[in-house]
Amino acid sequence: MYSPDIRVLEFALSEAGQHRDLWLCTVLNTWGSSPRSPGALMAVSQTNTSCGSLSGGCIEEHFMQRLAQGAYRNPSQLVRYGAGSDIPEISLPCGGSLEVLVEYLPATAETLDYLHRMLLALLGEFPQEKTLEPGEPAILTPCPHPPPGPVVHLQDTTLRLRLAPPVQIIIAGLSPVAEYCIEFARAVGFTVLVCEHREAMRATFSSHKTRPDFPARYLERHGCGPNSAVLCLTHDARIDDLTLMEACRTPAFYIGALGSRRNSEKRLERLRKVADLDEAQLARIRGPVGLAIGSKTPAEIALAIIADIVRVKNGVGVSCER
C-alpha cells in the first residue's frame, strides 16, 4: 500500500519531467488540532494542478492565490497558518495551527534528481535526511538506519527532516485482535504485512491479504528494518515464541506479544532457556503489549497496541503497558 506522500512525489516527478516548475510543501509542526501530521506533503505545479493536501481546503486555496501573485519564489521558506500566524485572514476550522516548509523547485535536472532521491527514500530503498537553512536549497544525505522518533528536528536555524518509508506492522498470525490491529494500523498510515501459515485462519479472516509463511521463517529469511513493528497476537506459544526469537535479532523498533503479565513472564522464562538471546534482547519484548487503558475487547486491545506503537514512533513518554 503506497502512502499519500509517495503519490505526491510521483506527481511532482511527472510534472518536473515535463519541464514544469514546482512548489513542494511539507508540514513541519502542528499545534492543537490540525488536519495533517508532520512530514505530510503537497506538491503544486506551475499549471495550478496539485497533489496532496495541508488542510481541509482553506490553506490550499490561499496558497494557490499567493502563487498567482508571485509569492514563494525563494528556494525555501517557512509559513505558519492558524493561531499565531501573520496571515490573519486564514484560520483552521479545528482551531489549531501548523507550520509549513515551502520549497520552490524550478524545472531542472537537479530538481528531477532531488525528487527521485526523495521518492526512493520513502520507498525504503535509500533513506535520506533533508537538511536546510530557511531561504536556502535543501541538501539530502544518506541515512541508512533512520531511528524511530520525530520526523522533523529544528536546531537553532537548521531544519532536519527524516525521509524514510512509513512504519510497517508485521503481524505474526491472525486473530480477532490482529484483525482490528490491521484496520487501525492502516487508518493511521502504517503499512501492514500479515504472515499466516494456518489455512483455517486464512479462511476465517479471508478478507485480509496474507502471506502463507510461518512468521518466524519469514523473519529468518527476510528480516525487517528499523521502521518495523512486530506483533505476536495468536496466544499460541509455538508461533509466538519462535517469532519473538527471530524478531529480537532484527532492528525492529517495536516488538510486542499478547498475554497477561503472568503469561508474559512465563514466556520470558521459556525464551531464556531455549533462545540464544541476552537480557537486553529479551527486554525489547513488550508483554503485555499496549497502553494501559483498561482494554478488554479485541477492538480495545488493538487500539491500545496501535496507540503504543504510535507513541514509540513519535518518541513520546515512557511505556505504560497493559
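The predicted model contains 13 salt bridges, a salt bridge being a side-chain nitrogen of Lys or Arg within 4 Å of a carboxyl oxygen of Asp or Glu. Residues are numbered from 1 along each chain as its sequence is written, and side-chain values use heavy atoms, with hydrogens and water left out. As this is a predicted model, local features need pLDDT of at least 70 and side-chain atom pairs count only at pLDDT 80 or more, whereas totals for chains, interfaces and linings use all residues.

One of the salt bridges joins the side chains of Glu15 and Arg20, at 3.0 Å from N to O. Glu15 is buried, at 7% relative accessible area, while Arg20 is partly exposed at 24%; buried means under 20% relative accessible area, exposed over 50%, and partly exposed in between (1.4 Å probe, protein chains only). A second salt bridge links Glu103 with Lys130, whose closest N and O atoms are 2.7 Å apart. Glu103 belongs to strand β5 (residues 97-105) and Lys130 to strand β6 (residues 128-132), so this pair ties together parts that are 27 residues apart in sequence. Helices (H or I, at least four residues) and strands (E, at least two) are DSSP runs, numbered from the N terminus. Both Glu103 and Lys130 are buried.

The closest N and O atoms of Arg160 and Glu129 are 3.3 Å apart. Arg160 is partly exposed at 33% relative accessible area, and Glu129 is partly exposed at 24%. Elsewhere, a network of salt bridges connects Glu269, Arg272 and Glu279.

Strand β9 pairs with strand β8 (residues 152-155) in the antiparallel sense over 4 bridges; two strands pair if DSSP finds at least two bridges between them. Within this pairing, Gln155 has Thr158 of β9 as its bridge partner. The two strands form a hairpin with 2 residues between them, and Asp156 in the turn has a positive phi of about 55°.

An open sheet of 5 strands runs in the order β11-β10-β12-β13-β14, with parallel pairing. Its edge strands, β11 (191-195) and β14 (285-286), each pair on one side only. Between strand β12 (residues 228-232) and strand β13 (residues 254-257) there are 4 bridges, and Ala229 has Tyr254 of β13 as its bridge partner.

The largest nonpolar core has 28 residues, and those with the most contacts inside it are Leu9, Leu24, Leu115, Met118 and Leu159. A nonpolar core is a set of buried Ala, Val, Leu, Ile, Met, Phe, Trp, Tyr and Cys residues joined through side-chain atoms within 4.5 Å. Two or more residues of this core come from each of α1 (4-17), β1 (22-31), β2 (41-45), β5, α3 (109-122) and β9. Helix α1 provides the largest share, 7 residues. Leaving aside residues up to four places away in sequence, Leu115 touches Leu9, Ala12, Leu13, Ala16, Leu22, Leu24 and Leu105, where contact means heavy atoms within 4.5 Å. A second, separate core of 26 residues includes Val167, Leu174, Leu233 and Ala302. In soluble globular proteins, nonpolar side chains tend to be buried together.
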